[in-house]
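Hi everyone, thanks for making time. Let me put the structure up, and then I'll walk you through a few parts of it.

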Amino acid sequence: MHGAGPRRPGVSDPAPAGDRPQHSLPGGLVEDGEDPADALRRELLEDLGLDLAALPIPSVLRLVQDQEIERPGEAEPFRRRHLVFTVPPARSPGEGSRPGGAGRPGSGAEVWLPVADAARPSGSTPLRAARYCSRRLRWLMPRAGSTPTRENRWQVVRGPQDDKCVAAYLYDRHVTDDEYRQRVRRHRPSSLLPLVAAAAVRWGQPGQEHPWLNSPYRKYTPWALADIARVALTFGTEFHRAEATEDDLLKILCAYSQLKDLTLHNDDGDLSVRVRDFLMRTSGEQFVWQAPEATTLARTGAIFRDTAFPDHRTPQVLVPGWDTDLLGCTLTDYIGVTQILWAAAMYSQGRFDLAYLDAPQAAGIYDIIDRTTLLATVDRHFATDTEAFRAAERDTATRVARTPGASHPQLRRFTHNPLLARPAVTGFGDAWLLCPVPQLVHRKASPASLYFTGFASLGPGFTIETGYLFEQYIGRQLRLLVDANVLPEITYMVGKQKRESVDWIVVFDDLVLLVEVKACMPTENVRLGLAFGVDETVRKIGKAYEQINRTEQLIANGHPDFAAVPKDRPRHGIVVTLEPFPIANAPFPTPGLPSTALPVTVASAQEIEHLVMLTDTSASALLLARAADPQESTWSLDAVLARHSVDRNPVLDDVWNSYHWSEKRFPNRWIRLPLELPCASASFE
């Protein structure tokens with residue numbers, strides 16, 4: 001126990017005649033079916049006569065120590081786990097010490113020992129502190145540079161707010177998906193989901209970079225909260241289940257953080273392949289939450305509303321009125337509904353109550369969009385109920401089962417979460433809807449989500465024409481470069497056939513950049529870290545590599561149609577994708593990806609939006625320096641951009657300011673909250 005000075009209390013055990021007394025820290029065994037917190041309360045009362053509930057400061061779990069103990073005559077060691085708490089004393093050392101026997105028969109008297117004496121090995125002091133007590137005290141005061149062993153493992157992590165040691169995990173081991181799901185299923189969804197939503201709001205405030213890093217023990221990550229909500233909706237029941245508390249939610253989050261990885265936590269196969277697969281899963285799970293929401297919403301309008309088709313392409317699907325046919329309203333109104341639903345959920349702990357729309361703080365909403373359109377759009381695209389959610393989960397399981405290895409239980413959390421398609425759920429509380437993770441609402445209006453919505457309703461023609469628009473959008477971004485000449489794709493002849501070069505050729509004074517644009521994104525197999533995912537990645541970006549290779553060869557050979565492209569400077573290639581492929585540039589095994597005669601980088605639309613707005617260096621200088629560095633050339637482009645200053649992107653600013661709720665057009669901050677369009681930010685954890 002913590003004292004005010006350098007002392008620890010001990011309990012003096014009765015000693016045989018002629019022996020000196022033995023001492024140990026207060027404590028004892030957890031009884032069958034007993035919660036550790038209840039055991040702590042009972043042992044303090046029995047050993048020291050202290051009522052834990054009456055103490056001014058709560059107890060803190062400081063250390064978790066795992067032992068394997070071998071006993072003579074026993075073939076196998078048994079496992080013992082120690083939970084070490086600190087508790088503020090109700091009295092000063094030596095003041096009102098409790099005599100023996102007050103708590104339970106056979107217990108000794110309370111004594112106070114100097115830490116230096118109590119922590120000495122057995123027999124080195126007249127008090128002869130028992131070796132067990134001595135070892136326990138040394139766990140509380142680990143020496144600098146000491147290394148936990150297999151027989152004596154302990155773990156402490158520093159808290160996010162101060163330097164006090166706090167318990168990082170309630171689990172000091174890996175957790176299976178089944179155990180984690182059972183932990184979620186202990187509680188009624190009707191009590192757990194509102195806690196999840198409140199936590200997602202608290203640790204997902206806009207205007208902060210990765211706010212969950214300031215959450216308790218850094219456990220309240222949005223991807224973990226989204227999966228807890230998914231499990232509760234899919235497997236939870238209201239019958240014979242307990243109410244959930246904040247402490248229960250933290251325990252579930254701790255279990256999630258200790259989930260075993262399929263390949264990283266085993267020794268099968270090539271290490272580089274195992275790490276590659278692990279990073280594919282981790283990046284798919286986490287990096288999507290790091291994209292600025294305002295930038296994403298602005299990009300949707302910039303691509304689908306404000307970018308024109310190239311002259312040689314005639315749209316067949318994305319014709320005037322396509323958005324109303326697909327969404328039931330204009331694209332601008334759809335993005336507005338997204339913003340209103342998100343703002344209402346953030347304002348009210350994840351709930352969307354129709355009464356909020358008529359409250360004074362929401363004045364002016366119906367100047368943006370009429371009530372009928374708002375509610376119809378929410379119902380059509382955002383809302384679901386438990387039965388429909390479970391049907392979507394079954395569809396996911398059926399689809400995943402078709403891919404060998406994809407249905408492994410440890411991969412479940414990386415599969416498609418139905419909340420991505422329907423982030424608001426009915427039937428929980430008095431409000432019409434509950435958004436368990438409000439940040440998912442914005443994802444519904446992202447270019448990627450619209451891509452899949454259009455494909456499901458309008459077929460492959462929608463995605464093909466989205467590709468044409470995306471090519472032109474990247475051209476608009478490249479033309480923001482003030483020190484470069486941007487050339488469109490070049491048509492050339494091969495025999496009697498017309499061929500086309502890369503989509504854009506950017507000519508700097510010191511570099512020629514060959515840009516091939518692909519409106520693609522990681523598939524589910526990529527997010528699962530499967531070999532099939534690697535094959536799909538190669539198919540998606542491999543053709544871009546081939547196109548860059550062909551254009552490079554034509555320029556190097558002096559083809560007359562490429563006379564406008566100078567040959568006297570280095571040439572690099574960039575493959576631009578709609579969504580990030582975070583480890584595409586890393587030196588992991590990627591069988592089948594074409595080799596190139598020039599440096600090639602895979603970058604997302606967001607990275608291009610940052611690259612063209614550099615203020616402290618030029619884009620060409622950054623790319624040349626990155627390619628020359630053996631380490632940085634394997635990083636994502638964003639990781640390099642993070643060290644540089646980036647200005648606001650005028651293409652995105654113009655779109656954002658055109659939206660109904662922008663500061664210039666809608667002064668009521670309730671609907672915007674702090675979600676103004678930020679300057680580009682490029683950082684990954």
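Let's start with a pair of residues: D177 is buried, and so is R181. Buried here means under 20% relative accessible area, exposed means over 50%, and partly exposed is in between, with a 1.4 Å probe and protein chains only. Before I go on, this is a predicted model, where local features need pLDDT of at least 70, side-chain atom pairs count only at pLDDT 80 or more, and totals for chains, interfaces and linings use all residues. Residues are numbered from 1 along each chain as its sequence is written, and side-chain values use heavy atoms, with hydrogens and water left out.

Back to our pair. D177 makes a salt bridge with R181, with the closest N and O atoms 2.9 Å apart. By salt bridge I mean a side-chain nitrogen of Lys or Arg within 4 Å of a carboxyl oxygen of Asp or Glu. Both residues sit in helix α4 (residues 177–185), 4 residues apart, about one turn of the helix. Helices, by the way, are DSSP runs of H or I with at least four residues, strands are runs of E with at least two, and numbering goes from the N terminus. D177 and R181 also belong to a salt-bridge network with D178, D227 and R412.

How many salt bridges are there by this rule? The count comes to 22. Another one joins K251 and D247 at 3.3 Å, N to O, and these two lie in helix α7 (residues 246–257), again 4 residues apart. K251 counts as buried at 15% relative accessibility, whereas D247 is partly exposed at 41%.

Now the sheet. Five strands form an open, mixed sheet in the order β13-β16-β17-β18-β19; strands pair if DSSP finds at least two bridges between them. β13 (485–488) and β19 (600–604) are at the edges with a single partner strand each, so one side of each has no neighbour in the sheet. β13 runs antiparallel to β16 (residues 504–507), and 4 bridges join them. One of the residues to look for is V486, whose bridge partner in β16 is V506.

Last stop, two helices. The axes of α9 (residues 293–304) and α17 (residues 460–478) come within 8 Å and cross at roughly 105 degrees; axes are lines fitted to C-alpha atoms, for helices over the stretch in contact, with angles from 0 to 180 degrees between N-to-C directions. Among the residues meeting there are F304 in α9 and F462 in α17, where contact means heavy atoms within 4.5 Å.
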